[in-house]
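Have the model open as you read.

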Amino acid sequence: MLFENYKVFRTELAGRPLVVETGKTAGLANGSCMVRYGDTVVHCAVTMSKKPRDGIDFFPLSVDFEEKLYAVGRIPGSFLKREGRPTDKAILTSRLIDRPIRPLFPKDMRNDVSVVATVMSVDPDCSPEITAMIGVSMAISISDIPWNGPISGVSVGYVDDQFVINPNAEQREKSRMAVTVASTDKKVAMIEAGADQIPEDVMLEGILKGHEANQAIVQFIKDVTAEIGKQKVEVPSLDPDPEMLEAIKAYAIEAVRKALDTDDKAERDARLQPIYEDVHAKFDEQYPDDIAKIDDCLYKTQKYVVRRWLLDDQKRVDGRGMNEIRPLAAEVGILPRTHGTGLFTRGQTQVLTVATLGPVSDQQMLDGIDPQEFKRYMHHYNFPSYSVGETRPSRGPGRREIGHGALAERALEPVIPPVEEFPYAIRLVSEVLSSNGSTSQGSICGSTLALMDAGVPIKTPIAGISCGLITEGDRWMTMVDIQGLEDFFGDMDFKVAGSHTGITAIQMDLKIDGLTPEIIKDALEKTRKARLYILDEVMLKAIAEPRKELSPYAPKMLSTKIPVDKIRDIIGPGGKIIQKMCAECNCKIDVEEDGNVFISSMDQEGAKRALLMIETIAKDPEIGGIYKGKVTRLMTFGAFVEIAPGKEGLVHISRLDVKRVEKVEDVVNVGDEVIVKVTEIDSQGRLNLSRRDALIEVEGAVPENDVPPTSPRRPSRPPMGNRPPRRRND
């Protein structure tokens, strides 16, 4: 038999079959499996380099979630007709898988590990992200790569006040929250959440429901590993020798304590530089083969100092209390020509967010395996090197920038008004001007300010704050608003955004194997209090509510909805009608398949005129209706006026003015805009119009007595019997 090691393992997850196939594909990888969840199929493979990488002080793990458009029966839309760079969704899913698995590898491991999850088939009811997370956990578990897993992941929805594990496509549309929970057999390893202002107690209950659902899959992976798992290999440790570490710590610890005891990041870095030089001068000759590890010893010394301060002395580097937030400032209207700006400062972290409004056609078109095709609200996050005092060329957004932008986008999405209420595409750009911890939450606060400054009628303001953690055995403690050093040497960055009512987003980054329910509850409560303080004492004092008027530099938008069968009339043959309206009204018109029409223009009057034209075409003129039209032709008996593209009527000379008219040219000329009233629609659909009646009704004009009461009928051809004989050309 060709595949003699081929095995199939089956279980259920949220009432749907979960099938894992091993021993058939990717035989040269350290571990691989094909996971089927419903009709979703993801192939997962993991490999490890045979030797550790020299000269690095981190674990070189790469996780790639690869979307293949054949999985949803589509051909890529690019010129090359093949998948290009990963979509933002794929990058975010890669980060989602990376976060719970990374802390479970040996901390001193320096061998390269590559994880690839390839989506090959997508069932809309069975999330490929969850399938990939379970598959990656299975592939690493059964491989020979050292790892302290397994983990499992589920999605938790909240539909009709009930929690739903792995909601299907229909349930996801109704759900008030989308929470991804990854767990080991004992602790919660990762939380990623988006929610519609869900209270903390409901969120906590949902997280614990997800943790409970994970336990069956964790046990399933353990059972499979016990049956077919490979023996784990031992990898060499690149940690410094304990004797070397103790010698350097004893020599430098007092100097390190003095250097770290400041709230100024630049000053702290300046103080540490001579310590590094002094330690190298002292120990380079003593440890000639381990010079690169001297910096690692100094890093561990700093980590020891900071953690001892926090755990033993309840002391923070900048002297704050454990629940105290750094000095805050908020401003709006910073840039004169943009549509809205918000500058938010927290200690040495500072973010400027700029809001730009555009027509709905400016929305982003998505080309991935996700069912979503367009995105109207976009948030981009930029992290230049100068924000941390470094020199590094800009190479475009990396995974971190995309992840932080998506987190801020998720936090604000529940309060963005629907397109029917606010017919604009919205783009926010958060520029990190200075970074000393938690810039993603600073961008959320700055973005709320920018939206309100731009006049976007958000449902409620949103703020974000982070909570840190230090653990040692069974001891643990949390602190709110962590700065860079506390994030760097701590065990957790628990980011929570929300309103006065509840949570809109969570992202949890861990360096340990997981959290207990008590730690999660404490973090949620501390971030709630801090969030309310930021909203009430800082942000709402800068701007209390969205501005009533948009920036004069923002396009003016109007919208309407027309019957679907009228779309063809609005567009016209070859786009002739819509192009004519755009040119005449100096505007942009977008017509969607469902009949929604969006008009954008820098000129409000032009937009209103276009809207009137569209409604006239779509709804058909009615007798008694008053319209604004343009004179297209002059005849001796009257003038033809076009009240909308393709809809023209006759104003008889007797109905041109409130006074007697001898010649049509005395009152109107071709190209003049006039108001008219529909007085008659004949059996052939032709319109008879009256400028006289419109002037009396709209402008209150007083008619003169000498205007004859001539009927404004269209001239008709004489009867056949009275026609002169037709002459022939002989």
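**Notes on the model**

1. Start with V156: setting aside neighbours within four places in sequence, its contacts (heavy atoms within 4.5 Å) are F163, V164, I165, M177, A178, V179, V181, G206 and G210. V156 sits in strand β7, and with a relative accessible area of 0% it counts as buried, a word that means under 20% here. F489, 333 residues away along the chain, has its C-alpha atom 31 Å from that of V156.

2. A word on what you're looking at: this is a predicted model, where local features need pLDDT of at least 70, side-chain atom pairs count only at pLDDT 80 or more, and totals for chains, interfaces and linings use all residues. Residues are numbered from 1 along each chain as its sequence is written, and side-chain values use heavy atoms, leaving out hydrogens and water.

3. Which strand does β7 pair with? Strand β7 (residues 152-159) pairs with β8 in the antiparallel sense, over four bridges. One of the pairs to look for is G157 with its bridge partner V164 in β8. (Strands are DSSP runs of E, at least two residues, and helices are runs of H or I, at least four, numbered from the N terminus; two strands pair if DSSP finds at least two bridges between them.)

4. Now zoom out to the sheet. It is open and has eight strands, ordered β8-β7-β9-β10-β21-β20-β18-β19, with antiparallel pairing. At the edges are β8 (162-165) and β19 (475-480), each pairing on one side only. From one strand to the next, the twist averages 20 degrees.

5. Helix α8 (residues 399-412) packs on this sheet, touching β10 (188-198), β20 (492-498) and β21 (503-510), and its direction makes about 150 degrees with that of β21. Helix α11 (residues 517-542) packs there too, touching β10, β18 (463-472), β19, β20 and β21, at about 145 degrees to β18. Angles run from 0 to 180 degrees between N-to-C directions, with axes fitted to C-alpha atoms, for helices over the stretch in contact.

6. The UniProt annotation "domain: S1 motif", from an unreviewed entry, covers residues 624-692; such annotations may be inferred rather than shown by experiment. That span is 3% helix and 52% strand, and its end C-alpha atoms are 13 Å apart.

7. Finally, confidence. The chain's mean pLDDT (the predictor's confidence in each residue, from 0 to 100) is 91, and 96% of its residues reach 70 or more. Over residues 706-730, though, pLDDT stays under 50. Where pLDDT is low, predicted coordinates should not be read in detail.

Note on methods:
Buried < 20%, exposed > 50% of the residue type's maximum accessible area, 1.4 Å probe, protein only.
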